[in-house]
Amino acid sequence: MRVLVTGAGDFLGRRLLEALRRDRPEGRRILGIDRHPQPPLDGVTLLDVDPFEADTLNAAVADFDPTVVFHLAALASVARSSETPAYAWRADLLGTLNLAEAVARTRATLVFLSSTVVYGAAFRDKPRPDEAVTPRPDTISGRTKSACEYILRDVLANAGVKHLVLRPANYIGPGQSETFAAASFAGQIARIERGLAPPTLAVGDLAAGRDFIDVSDVTAACLRVLDRVEELPDGGIYNVGTGIVTPVSAILDAFRGLTDAAFTVQVEPDRTRPTGVRSQGCDPSAFMAATGWTPAIPLPESLAAMLDAAREREG
């Protein structure tokens with residue numbers, strides 16, 4: 001089996017590559033591609049490939065001739081997408097279209113890591129939607145991810161190439177960018193503990209609720225798809241989450257319990273996500289039933305690991 005991963009240098013992409021090589025059956029080859037050079041990883045071939053360059057991408061895909069492609073190369077941050085809308089559309093859609101056209105020339109199965117943000121305004125009626133709920137994206141990130149799902153469906157179906165869509169909830173873990181709330185809390189607390197920042201924690205909307213899932217559990221979901229790729233139906237769409245909506249205020253309270261540092265909280269409007277839907281979860285039962293996967297890492301364990309990693313980074 002030959003497994004290709006786009007977005008190889010991203011938060012999830014690097015972890016998926018590491019997981020693929022840890023438990024690698026004999027004969028499995030792994031290729032990671034990214035727009036920027038990546039640190040070497042034993043047992044993994046890494047290529048600097050810009051998904052905007054269709055010819056280069058076509059050549060890399062054709063040469064590797066993948067069995068399964070995990071497409072992770074898209075903007076994960078709702079905030080960053082809203083700040084750079086033109087880039088968000090170009091990065092998500094053009095990269096996805098070029099990849100779809102390249103994969104359409106192979107017999108690979110493409111697995112797209114979309115997001116539960118595609119449900120958007122539908123969260124108002126159903127805070128924990130299942131896959132039968134029609135997406136009503138209300139952010140740029142949600143709209144680009146939804147559009148990518150349509151691109152893959154249309155281009156690959158026309159070529160007779162199988163594809164699957166995973167919609168992960170808000171994944172978190174050590175080393176995540178501080179553009180995300182939990183990672184921001186961990187980084188700020190680590191700096192406050194070391195006296196590198198004043199004892200004031202900048203926060204956004206603490207009343208917002210999200211389904212927080214550890215990045216390792218999302219990685220495990222990808223591996224489960226790899227194991228069951230022949231059994232899962234073409235065009236299958238699956239939510240990947242815990243099924244539990246946790247208020248951001250509870251995340252902050254959990255971090256308070258992990259530190260002796262005293263700090264005040266300051267709400268900053270520019271840290272509030274650009275959507276009016278506060279409670280966003282998902283129903284992952286279809287994916288669990290189809291694959292036997294269940295999330296294994298409790299939220300407190302994820303948060304503790306994030307704070308430890310932030311402390312080490314601030315060192």
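Okay, let's start with a definition: rings of Phe, Tyr and Trp (for Trp, its six-membered ring) pair up if their centres lie within 6.5 Å, and planes under 30 degrees apart count as stacked, over 60 as edge-to-face, and the rest as tilted. With that rule, a search of the whole structure turns up 5 aromatic pairs.

Quick note before I go on: this is a predicted model, where local features need pLDDT of at least 70 and side-chain atom pairs count only at pLDDT 80 or more, while totals for chains, interfaces and linings use all residues. Residues are numbered from 1 along each chain as its sequence is written, and side-chain values use heavy atoms, with hydrogens and water left out.

So, what kind of aromatic pair do F11 and Y171 form? A stacked one, with 6.2 Å centre to centre and 20° between the planes. F11 sits in helix α1 (residues 11–22) and Y171 in strand β7 (residues 170–172), so this pair ties together parts that are 160 residues apart in sequence. By the way, helices (H or I, at least four residues) and strands (E, at least two) are DSSP runs, numbered from the N terminus. Both F11 and Y171 are buried; buried means under 20% relative accessible area, exposed means over 50%, and partly exposed is in between, using a 1.4 Å probe and protein chains only.

Next pair: Y238 and F287. Their ring centres are 5.7 Å apart and the planes are at 55°, so this pair is tilted. Y238 is in strand β11 (residues 237–240) and F287 in helix α9 (residues 285–291), so here the parts being tied together are 49 residues apart in sequence. Y238 counts as buried at 8% relative accessibility, and F287 is buried too, at 0%.

Now let's zoom out. The protein has 10 helices and 14 strands. Its radius of gyration is 19 Å, close to the 20 Å that the globule rule gives for 315 residues, so it is as compact as a globular protein of that length. That radius is taken over C-alpha atoms, and the rule is 2.2 Å times the number of residues to the power 0.38. Along the principal axes, the C-alpha atoms fill a box of roughly 55 × 45 × 40 Å.

How much of the protein is buried? Buried residues make up 49% of the 315. As for contacts (heavy atoms within 4.5 Å), take the ones between residues at least 6 apart in sequence: 81% of them join residues at least 24 apart.

T109 is in strand β5 (residues 109–113) and is buried, with a relative accessible area of 10%. Leaving out residues up to four places away in sequence, T109 touches T67, V68, V69, K162, L164 and V229.

Then there's Q188, in helix α6 (residues 181–193), which counts as buried at 10% relative accessibility. Q188 and D63 are 125 residues apart along the chain, and their C-alpha atoms are separated by 45 Å.

Last one: D65, in the loop between α2 (54–64) and β4 (68–71). Most residues other than glycine have a negative phi. D65 has a positive phi, near 50°, and at 37% relative accessibility D65 counts as partly exposed.
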